Amino acid sequence: MIGCEYASIFRGLDVKTDLINTRERLLAFLDNEMSDSLSYHFWNSGMMIRNDETYAKIEGTEDGVIIHLNSGKKMRADCLLYANGRTGNTDALNLDAVGLVADSRGQLKVDMNYQTEVSHVYAVGDVIGYPSLASAAYDQGRFVAQAITRGEAEGKLIEDIPTGIYTIPEISSVGKTEQELTEAKIPYEVGRSSFKHLARAQIAGKDVGSLKILFHRETKEILGIHCFGERAAEIIHIGQAIMEQKGEANTIEYFVNTTFNYPTMAEAYRVAALNGLNRLF
């Protein structure tokens, strides 16, 4: 994820960029359609992507570096950025003094109250691993305050935490992917809207992108929302608000029966909802 974000930043600055990916596809945890959209946009911008590759060695030269891949390929560049995920910033905390040991990623184990193996020490944020998001860490901090003052955390993180990936364009998603729903044999349908068909996107000149809503064919319950394009991380929250409602309030029909401001990017939900409901038979 971080590698894709930096790659898009450098390409946006008109730097010739090659992206080496160790997986079969970019951001494999995403819905495949969103991953494919990002890959296409990267290729179309002139970025070279090499999937399913790992490096064997890195050779320094007078004018740059040469990356030797295990597949036998070689790539030359002025410089190399190696993105290896996140590590908890615990090295300088002197954890031994309180009897705590971090794992190889610098992370600590906690219980439902974010209490570590040492009862009077709590931990939140990147040092406990997933979801490693600032937005989640804010809430975790509140829950720890409840646990300390009241003996137990009264709240917990929501099940469907939205993901924001700040590539150019952005990607954001919440809920299940098509692959997860197919594997679970859940009968779902898809509603799509392309930004190029929205008046606001045309006015702003930001017509690259799309919104996809996954919903149950029978109950019409919203199961997942995936967005690719400008302001995707903002747009996703409109759908998330409805998705978090209980019972009949959480259906795709909400977006059809609600009048949206025009022109807005939020209108993508109405277009996608109509598109999806028209697929039912």
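I started with Arg142. In this predicted model, Arg142 is partly exposed, at 46% relative accessibility. I then looked for a partner. The side chain of Arg142 meets that of Asp139 in a salt bridge, 3.2 Å from N to O. Asp139 is partly exposed as well, with a relative accessible area of 28%. Both residues sit in helix α3, three residues apart, which is about one turn of the helix.

Next I checked the helix itself. Helix α3 runs over residues 134-150, 17 residues in total. From first C-alpha to last, α3 reaches 24 Å, close to the 24 Å expected at 1.5 Å a residue.

Which residues of α3 are buried? I found Ala136, Gln140, Phe143, Val144, Gln146 and Ala147. Seen down the axis of α3, these buried residues fall within an arc of 155°, so they line one face of the helix. I turned to the face of α3 that points away from the buried side. That face carries the exposed residues Tyr138, Ile148 and Thr149.

I also noted what comes after the helix. Gly151 follows α3, and its phi is positive, near 90°.

**Salt bridges between separate elements**

I went on to the other salt bridges. The structure holds twelve. I looked up two that join separate elements.

Arg192 is partly exposed, at 31% relative accessibility. Glu33 is partly exposed too, with a relative accessible area of 25%.

Lys212 belongs to strand β9 (residues 209-216) and Glu178 to helix α4 (residues 178-183), so the pair ties together parts 34 residues apart in sequence. Are these two residues buried or exposed? Lys212 is buried, with a relative accessible area of 0%. Glu178 is also buried, at 16%.

**Ser35 in α2**

I stayed with α2 and looked up Ser35. Ser35 lies in this helix, residues 32-44. Ser35 is buried, with a relative accessible area of 1%. I set aside its neighbours within four places in sequence and listed the contacts. Ser35 then touches Arg25, Leu26 and Leu27.

**A nonpolar patch**

I moved to the surface. Tyr6, Ile9, Phe10, Leu13, Val15, Leu81 and Ile168 make a nonpolar surface patch of about 640 Å². I picked Leu81 from this group. Leu81 lies in the loop between β5 (74-77) and α3. Leu81 counts as exposed, at 53% relative accessibility; the cut-off for exposed is over 50%.

**Backbone checks**

As background, most residues other than glycine have a negative phi, and most peptide bonds are trans.

Where are the cis bonds I noted? One runs from Tyr130 to Pro131, with omega near 5°. Pro131 is in the loop between β5 and α3. Another joins Ile168 and Pro169, with omega about 0°. Pro169 lies in the loop between β6 (163-165) and β7 (171-175). Ile168 is also one of the patch residues.

I noted two positive phi values outside glycine. Asp14 has phi near 65°. Asp14 lies in the loop between α1 (2-12) and β1 (18-20), and it is exposed at 64% relative accessibility. Lys220 has a positive phi of about 65°. Lys220 is in the loop between β9 and β10 (222-229). Lys220 is partly exposed, with a relative accessible area of 22%.

**Last entry: Lys246**

I closed with Lys246. Lys246 is in the loop between α6 (232-243) and α7 (253-257). Lys246 is exposed, with a relative accessible area of 70%.

Notes
Residues numbered from 1 in each chain as written. Predicted model: local features only at pLDDT ≥ 70, side-chain atom pairs only at ≥ 80, totals over all residues. Heavy atoms only, no water. Helix = DSSP H or I, 4+ residues; strand = E, 2+ residues; numbered from the N terminus. Expected span 1.5 Å × (residues − 1). Buried < 20%, exposed > 50% of the residue type's maximum accessible area, 1.4 Å probe, protein only. Arc of directions from axis to C-beta. Contact = heavy atoms within 4.5 Å. Patch = residues over 30% accessible without salt bridge, like charges linked within 9 Å, V, L, I, M, F, W, Y side chains within 5 Å. Areas by Shrake-Rupley, 256 points an atom, 1.4 Å probe, with all protein chains shown as cover. Salt bridge = Lys/Arg side-chain N within 4 Å of Asp/Glu carboxyl O.
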